[in-house]
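This report covers chain symmetry, the interface, salt bridges and aromatic contacts. Please view the model alongside the text.

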There are 2 protein chains.
Amino acid sequence: MNTPTAPASLSAPATIGMPLVQVDTPALILDLDVFEHNLALMNEAVRGDGARPGKRLRPHAKSHKSADIAKAQIAGGAAGVCCQKVSEAEALVLGGVNDILICNEVVGAVKIARLVALAKRARIAVCADSAANVAALNVAALGAGVRLEVLIELDVGAARCGVMPGAPALALAKAVAASPGLRFAGMHAYHGSAQHLRSIAARRAAITEATEKARATRELILAAGIACDTVTGAGTGSFLFERDGGVYTELQPGSYIFMDADYQLNDWEGFPAFGQSLHILTTVMSTPAPDRVVVDAGLKASSIDSGMPRVAGWPGLEYLKASDEHGVISVATGTVAPALGEKLLLVPGHCDPTVNMHDWFVCVRQGVVKALWPVTARGMMW
Amino acid sequence: MNTPTAPASLSAPATIGMPLVQVDTPALILDLDVFEHNLALMNEAVRGDGARPGKRLRPHAKSHKSADIAKAQIAGGAAGVCCQKVSEAEALVLGGVNDILICNEVVGAVKIARLVALAKRARIAVCADSAANVAALNVAALGAGVRLEVLIELDVGAARCGVMPGAPALALAKAVAASPGLRFAGMHAYHGSAQHLRSIAARRAAITEATEKARATRELILAAGIACDTVTGAGTGSFLFERDGGVYTELQPGSYIFMDADYQLNDWEGFPAFGQSLHILTTVMSTPAPDRVVVDAGLKASSIDSGMPRVAGWPGLEYLKASDEHGVISVATGTVAPALGEKLLLVPGHCDPTVNMHDWFVCVRQGVVKALWPVTARGMMW
């Protein structure tokens, strides 16, 4: 590509060995103890025991976009990771990750050419939800001399992408199986909109319904003489139900490593107690009134799509409003207000798009910076 | 700094000479004809004529974060640009911009040290809204051997940062003027929350009130024997009122170069007809139902803080819902739906935080890529 000079190289807001309180702001802070605890809790939850078969874990890397974190997940037992974009997968392969499911449709000649090229360098699988896309994938795979693994994406209730369960899914599975450049690898059956239903009962009901759609469709496919190795799906909010439903073979939770303010509003009874490992460190940059302080983390440091960030560990402070570079925090009557220059930790409203705004995870253990991990695939949206 | 390997270098979604329809997606598309028209309209609006004195134009670079665009604005007559962050200003100085007002408070020893270091390389002014911050700026400036220009930020109605008009502002101006490391340069009096009041009458009323606060405060400062060269403020939604109020000497509009879906909801009677120069190019990646298509630009390609993006030029399509990597678009009954793989242009809901998610402006003229401009200060939030 005829690429002009790239933007200036990225300086990090911290150095290794620095106390947390000296880290420049805004910065994405990862508490390594809590992060490792979350990893261990998920590994434990998916491992089989006498009463329950184990499930394959393939965490979603769209939450972290980090080769370091992906490799930590794989070292802990994950089979690989999920990505949403070809460029995201490219960045992680470059970072040393060798087994990736792109659980999304890849459409367009340029992207498909990159996809099949990547499939020569690592184990890559992709989803499809239309015969036209299957045909394009097949042509490209044959041209590149790879046999590409393809899963059909099933709409199990999210009403976003996906082929409908039953006969339409069977027809699409047959199209994949009949394509010499492709290998039919199974079904992606993720119910995204179920993850943030607040009650356990509502999430269980949604996933029970999704599981039945996946089960019936798998039976149709098997009855047609097509092997269906993998049924993959699940998120942090629901993965116990997919684990125990008898259909899913692989689980894709992503947010469990970090958690966020939106997930904290869910009811979690019976789930592992994932901790909040990810925060945004921010500085009080103005104290204009007794009932208001302003911090330096606004819309460009924290995504508010799922609500405002929460102030951690300081009851009486509420993050009310974000503008591009400012956050306005109210100070309740009787609350001691933070001073000018004081640093606060914010719980992101939604971890995935917040991480994507940052270039570095500042990794902290017991208040000291231990590592700087780049957000390897930050901005990789192609 | 002890900086580990930076993230992978950034490939661009286009090459020069490519037709727009071949640009990979999602991508930020800048229509150069419309952009240049917007530049000319603003230059014309701030220029003096027989009946009206001219105003200094200092466009806000937080909208574009681009050295190329800043230099185009300066070549067209702007005195310099505004920034919100020290790191943003550093990136633009590195890109060749030599006159920057940081219209924000800079708090904390690390940031202030960078600020005074930058003031040795370019003309840099900064805002302050507290005596404690003025004292810290003074110490750092004296230590670095620079005389730093400081404006006091006045709260003229936005209830975010800023000192209150009248006696508190006078006291702060005196503190700046009495600081040997600082030069009191005037007042920053920006009314951010007025910019998106929909009616002309409401915006005019808010700015009239802001102007009167700035006028009375300036008179107090002048009466105390302190020169007050600059009164700076205004945004795209209101700048005609600051221009004509007889108090502001400098105007800071930012969004006029791009425009966005939120600004398009304002009433614009009497204002120059700025065009929509900025779009997000996106691909239809799934056509799962007759009344729904899904595109590849979601929350990580387009900020929804001020509402969803709009589909340009295709009545009957409505962008309903964004998830991390997907946009769900409804297709009204009787509307011809776009096909799988077809590309659509979206009008961003809010241009500033959307630009900050991208690494490149793909600059197009009459359907052909003419330039790739890096988003020079993308992610520069310190």
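## Terms and basis

A residue is called buried under 20% relative accessible area, exposed over 50%, and partly exposed in between, using a 1.4 Å probe and protein chains only. By that rule, both B:K111 and A:D296 are buried.

This is a predicted model, in which local features need pLDDT of at least 70 and side-chain atom pairs count only at pLDDT 80 or more, while totals for chains, interfaces and linings use all residues. Residues are numbered from 1 along each chain as its sequence is written, chains are lettered from A and ligands numbered from 1 in the order in which they are written, and side-chain values use heavy atoms, with hydrogens and water left out.

## Symmetry and interface

Chain A superposes on chain B by a rotation of 180 degrees with 0.0 Å of shift along the axis, at an RMSD of 0.0 Å (least squares on the C-alpha atoms of residues with pLDDT of at least 70 in both copies). The two copies are thus related as by a two-fold rotation axis.

Contact (heavy atoms within 4.5 Å) involves 76 residues from chain A and 77 residues from chain B. Because 100% of the interface residues of chain A are also interface residues in chain B, the copies meet through the same surface. Chains A and B bury about 6400 Å² between them, with 59% of it on carbon and sulfur atoms; buried area is the accessible area (1.4 Å probe) that two parts lose on being put together, summed over both. On the chain A side, A:R160, A:K300 and A:W382 lose the most area to chain B, together 11% of what that side buries.

## Salt bridges between chains

A salt bridge is a side-chain nitrogen of Lys or Arg within 4 Å of a carboxyl oxygen of Asp or Glu.

B:K111 lies in helix 4 of chain B and A:D296 in the loop between strand 11 (292–295) and strand 12 (310–311) of chain A, so the pair joins two chains. Helices (H or I, at least four residues) and strands (E, at least two) are DSSP runs numbered from the N terminus. Another salt bridge links B:R114 to A:D24, with the closest N and O atoms 3.8 Å apart. B:R114 is partly exposed at 23% relative accessibility, whereas A:D24 is buried at 8%.

## A network within chain A

Salt bridges link A:R56, A:R58, A:D99, A:R123, A:E149, A:R183, A:D229 and A:E250 in a network. Within this group, A:R123 and A:D99 have their closest N and O atoms 3.4 Å apart. A:R123 is in strand 5 (residues 123–128) and A:D99 in strand 4 (residues 99–105), so the pair ties together parts 24 residues apart in sequence.

## Aromatic contacts

Rings of Phe, Tyr and Trp (its six-membered ring) pair if their centres lie within 6.5 Å; planes under 30 degrees apart count as stacked, over 60 as edge-to-face and the rest as tilted. The whole structure holds 16 aromatic pairs over all chains. The rings of B:F241 and B:F271 have centres 5.6 Å apart and planes at 75 degrees, so this pair is edge-to-face. B:F241 is buried at 11% relative accessibility, and B:F271 is buried at 10%.

In chain A, ring pairs link A:F239, A:F241, A:Y256, A:Y263, A:W268, A:F271 and A:F274 into a cluster. The charged end of A:R203 sits over the ring of A:W268, 5.1 Å from its centre (NZ of Lys or CZ of Arg within 6 Å of the ring centre and within 35 degrees of the ring normal).
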